[in-house]
Amino acid sequence: MKSDLKSQNKSIDLFKKTVASCLIGVSLLGCSEVLNADGGTGKFALPPIDKSDKNRCSFKSSSMGQANAARDKLYDLRQCDMREQSAQGNDLSGVLASEANFEKVDFKEAQLSKAYARNSKFDGADFTNGIVDRVSFDGSSLKGAIFKNTVLTSTSFTNADVEGVDFTEAALGGFDLKNLCKNESLKGTNPTTGANTRESLGCP
């Protein structure tokens with residue numbers, strides 16, 4: 001009985017590591033495909049939230065570097081209330097951040113490469129001078145957020161609310177810019193900086 005339970009726990013741990021590696025774009029044996037956080041992958045199943053971890057909802061900076069978004073365990077902020085907290089300068093690469101509240105969070109100079117941030121609230125969040133590449137903000141609310149001088153390459157905003165966002169001097173690829181300019185919510189002015197949203201992005 002104990003042997004079976006031990007074997008089951010090992011299988012669960014392996015599953016979590018495999019899913020985490022897939023989510024950050026690292027191919028491991030057992031992955032049917034490499035999952036792209038930027039929206040390139042369609043539907044896929046996320047592992048269950050470990051609600052027994054009382055310290056789960058906190059900003060933890062990775063010491064392994066943002067290039068590969070590597071961590072020793074799954075970094076899961078799903079359904080967390082992180083309002084008005086500071087993650088300034090933190091490396092949050094590879095984080096699962098869907099269905100959570102990040103309203104007015106200070107992300108200045110933070111790294112969020114390959115983050116999965118769908119259907120969350122980032123209203124008023126400040127990403128100034130950050131690295132936010134290959135992130136999926138699909139379905140999220142980013143009203144009044146600030147992306148001044150932020151790297152946004154290969155980042156997806158499909159069905160996201162970007163009203164009042166400041167994109168001044170943000171770095172986007174041509175394809176990314178074209179898609180974002182089509183977003184119907186791309187309007188208004190940023191309540192903090194006063195920047196016109198469409199003009200800050202360079203959209204006609």
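In the predicted model, glycine 89 touches Lys108, Glu109 and Ala110 when residues up to four places away in sequence are not counted. Glycine 89 is located in the loop that joins α1 and α2. With a relative accessible area of 45%, glycine 89 is partly exposed, because this value falls between the 20% limit for buried residues and the 50% limit for exposed ones. The C-alpha atom of glycine 89 lies 7.2 Å from that of glutamine 111, a residue 22 positions away in sequence.

The overall organisation of the protein chain is described next. The chain contains 3 helices and 0 strands, and its elements follow the order α-α-α from the N terminus. Helix α1 covers residues 2–23 and helix α2 residues 174–181, while helix α3 comprises residues 197–201. Of the 204 residues in the protein chain, 46% are buried. Among contacts with a separation of 6 or more, 26% join residues 24 or more positions apart. The chain exposes about 10600 Å², and 48% of this area is supplied by carbon and sulfur atoms.

A polar atom of the asparagine 101 side chain lies 3.0 Å from the backbone nitrogen of glutamate 103. Beyond its neighbours within four places in sequence, asparagine 101 is in contact with Cys80, Asp81, Met82, Arg83 and Lys121.

Most residues other than glycine have a negative phi. Glutamine 79, however, has a phi near 65°, which is positive in a residue other than glycine. Glutamine 79 is placed in the loop between α1 and α2 and is partly exposed, with a relative accessibility of 44%. Asparagine 129 likewise has a positive phi, near 60°. Asparagine 129 is also found in the loop between α1 and α2, where its relative accessibility of 37% classes it as partly exposed.

The largest nonpolar core consists of 38 residues, and within it Phe107 and Phe167 have the most contacts. Leaving out residues up to four places away in sequence, phenylalanine 167 touches Phe147, Leu152, Phe157, Val162, Leu180, Leu186, Thr197, Ser200 and Leu201.

Valine 162 and threonine 197, both contacts of phenylalanine 167, were examined in turn. Valine 162 is situated in the loop between α1 and α2 and is buried, with a relative accessible area of 1%. Apart from neighbours within four places in sequence, valine 162 is in contact with Leu142, Phe157, Phe167, Asn183, Ser185, Leu186 and Thr197. The C-alpha atoms of valine 162 and threonine 197 are 8.4 Å apart, although the two residues are separated by 35 positions in sequence.

Threonine 197 is part of helix α3. Its relative accessibility is 0%, and threonine 197 therefore counts as buried. The contacts of threonine 197, with residues up to four places away in sequence not counted, are Val162, Glu163, Gly164, Val165, Phe167, Leu186, Lys187, Gly188 and Thr189.

Lysine 182 occupies the loop between α2 and α3. At 57% relative accessibility, lysine 182 counts as exposed, because exposure is assigned over 50%. The C-alpha atoms of lysine 182 and threonine 158 are separated by 9.7 Å, with the two residues 24 positions apart along the chain.

How values were computed: Residues numbered from 1 in each chain as written. Predicted model: local features only at pLDDT ≥ 70, side-chain atom pairs only at ≥ 80, totals over all residues. Heavy atoms only, no water. Helix = DSSP H or I, 4+ residues; strand = E, 2+ residues; numbered from the N terminus. Buried < 20%, exposed > 50% of the residue type's maximum accessible area, 1.4 Å probe, protein only. Contact = heavy atoms within 4.5 Å. Areas by Shrake-Rupley, 256 points an atom, 1.4 Å probe, with all protein chains shown as cover. Polar contact = N/O pair within 3.5 Å; in protein donor to acceptor, adjacent residues only side chain to side chain. Core = buried A, V, L, I, M, F, W, Y, C linked by side-chain atoms within 4.5 Å.
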